[in-house]
Amino acid sequence: MSANSKQLGGKHSPSLSYKSADEATVNSVDSTTRHTQLTSSFETDLSAPRRIRREDPSQELVRKYQKDSKYSAYVQVVERCLQSFDYVSEWADVTAFLTKLERSFKTYSRFAVVPHKETVAKRLAQCLNPALPTGVHQKALGIYEQIFKQIGQEQLIADLSLYAYGLFPFMRNASLSTKSQLLEIFSRVFVPLGTSLRPCMKSFTAGVLPGLEEASAEMSGRVMDLLDRLQETVDSAFFFQTLFLVMVTNAEQRESALKYLAQRLPVFTQKEDVEQICGDQGSLMVRALAATLTDSKTLVLRAALDVVMTRIPLRTCVFETRDVVLLVKCAAEVVLKKDMSLNRRFYTWVLGPGESDAEQSAHFAQYVQAPLTEALLGSFAATSSLDQQHTVLRVLIGLIDKPAIAQPILDAIFVPLLQQLMAERDACADGMLPVKLASVSRMFVEMLDPIFTWSSVINQLTQAAVAADDPGARIARALRLLLFFVQTFELDDDATLQVHVPMALLTVLATLDRMAAKTVDATLCCCLTRTAIELLTRVPTAVFADVSEQADVSEPDIGGLFETARAFYGMHDAASEDRADAAAVERSAAEVV
């Protein structure tokens, strides 16, 4: 047996055997696995027209032809030809089979029907197996053309699912010469079907798109023209909806689809632009772009960000809020790739076209801050998946390098994130955060400015102490947050131990003094006392060295210390334009302590 015979699997090859037809697309050789998977997906998509029980136009013709003796000869010739496929052992045998089949159709071309059309279509699909040489593929495509010419457009519409099964998935595996022949069939036979093509529009679009992957400008131009004709034939909105659906469900076609969108989508500046492209399915376009932004391929991510950056300016609100939140969330996750080209595109999109820092900050604050904050915090709070929570924290870590984006987001999200982490810890049976979540959350806090983190936590307590409505409950929540922050994160640097922990202790004592004078809530006073003791155990003795050496120590002004702490941490509000130098701030805090 020749090498070619061995590749096909022997005389009775399971991938080509007439008796093993149902196993043909499953048990193919390794090099055809992708083709088999694609074929299966096309079969699923094309199941819709099969569920519609319509009378086959060929049945009436068959009843008419049965009176003709030559038709019986035609059927017998096709049957014998199909049976000969049972003895295929090498590529030359496949070519011989196709030659006989082609001769049968040409000899009896006056009959506008194909006997045993299901088996014929299956055999032709098998002859487009990628393991076979280009000559076999060209021969099979020639027979497809002969059949389409012979049966006419009406019968082709009825049998569309049969012939699409082999043709539509073939583009990705075809050689350049056969791609040209296949495109000619698509253009001359399928596109003119018009709206009759709608039941299998998704499969047809997915079958054409791989042609855009060719480096040849001529081939890419032909595919673009074919897609443009298809868009005009089946209705623009329906075409783009189908294209977006392909992007959502078929990862392999995303890069090609993005190439088409990059040249055909308008700049969306008003809602009418969205309606013109995809009707009332604007959310479908957003989901398609969001799916591409989560793709694993860097080239796909670049193409998706290019489309988003150039076609969807955030300053023009043409999508629903939930769609903008989804799109911004998926775009922000590209920072996890740590690819400068991706980060640059993302930053350009969210910071806007302004050249100065002030213009970019204003653009971000007006159009992006709210949806990005909602996306990150909502994703962290609404899911029970530790992987998703881990992702949100890693995205925030990635954004820290861009203060114009990170600082406004952190100002809004830091305390709610701590509260969510605390709730996650309380929900665990052992009273501890999961190891993976604890690790990334500690890394996140360590990368932030200690002044920012401590001011955010302590301000929760100072604001609760001066609140007019139910200060006791608010103070209790603030104390729980403070204890969680102190007990969960590694706070052992000198600035923290000598400045921020003592300042937190003074704030707790000052709050205790204020509450003791206003209320008789013993539980709240006990909570404050326990928190003060917890903080006191963490204050190094060196902090008290200067005080112990003084001979005359006056009684401290507790109320003054409370206001001093409020004023000190209030200096570092996010809206403050005059941010003091961190070292100078810590020195002033040390003086207060």
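**Exercise 1. Work out how α22 passes α23 and how the two helices pack.**

Step 1: α22 passes α23 in a left-handed crossing, meaning that the near helix is turned anticlockwise from the far one by less than a right angle (clockwise would be right-handed). Helices here are DSSP runs of H or I with at least four residues, numbered from the N terminus.

Step 2: This is a predicted model, where local features need pLDDT of at least 70, side-chain atom pairs count only at pLDDT 80 or more, and totals for chains, interfaces and linings use all residues. Residues are numbered from 1 along each chain as its sequence is written, and side-chain values use heavy atoms, without hydrogens and water.

Step 3: Helix α22 (residues 403-427) packs on helix α23 (residues 435-446) at about 150°, with axes 12 Å apart; axes are lines fitted to C-alpha atoms over the stretch in contact, and angles run from 0 to 180 degrees between N-to-C directions. That makes the pair roughly antiparallel (over 145 degrees; under 35 is roughly parallel, 65 to 115 roughly perpendicular, the rest oblique).

Step 4: Contact (heavy atoms within 4.5 Å) involves, among others, Phe414 of α22 and Phe444 of α23.

**Exercise 2. Find how α21 is oriented against α23.**

Step 1: Helix α21 (residues 386-399) and α23 pack at about 15°, their axes 10 Å apart.

Step 2: They are therefore roughly parallel.

Step 3: α21 also passes α23 in a left-handed crossing. Residues in this contact include His390 of α21 and Met443 of α23.

**Exercise 3. Locate the bend in α8.**

Solution: α8 bends by about 110° at Gly152, taken as the angle between axes fitted to the seven residues ending there and the seven starting there.
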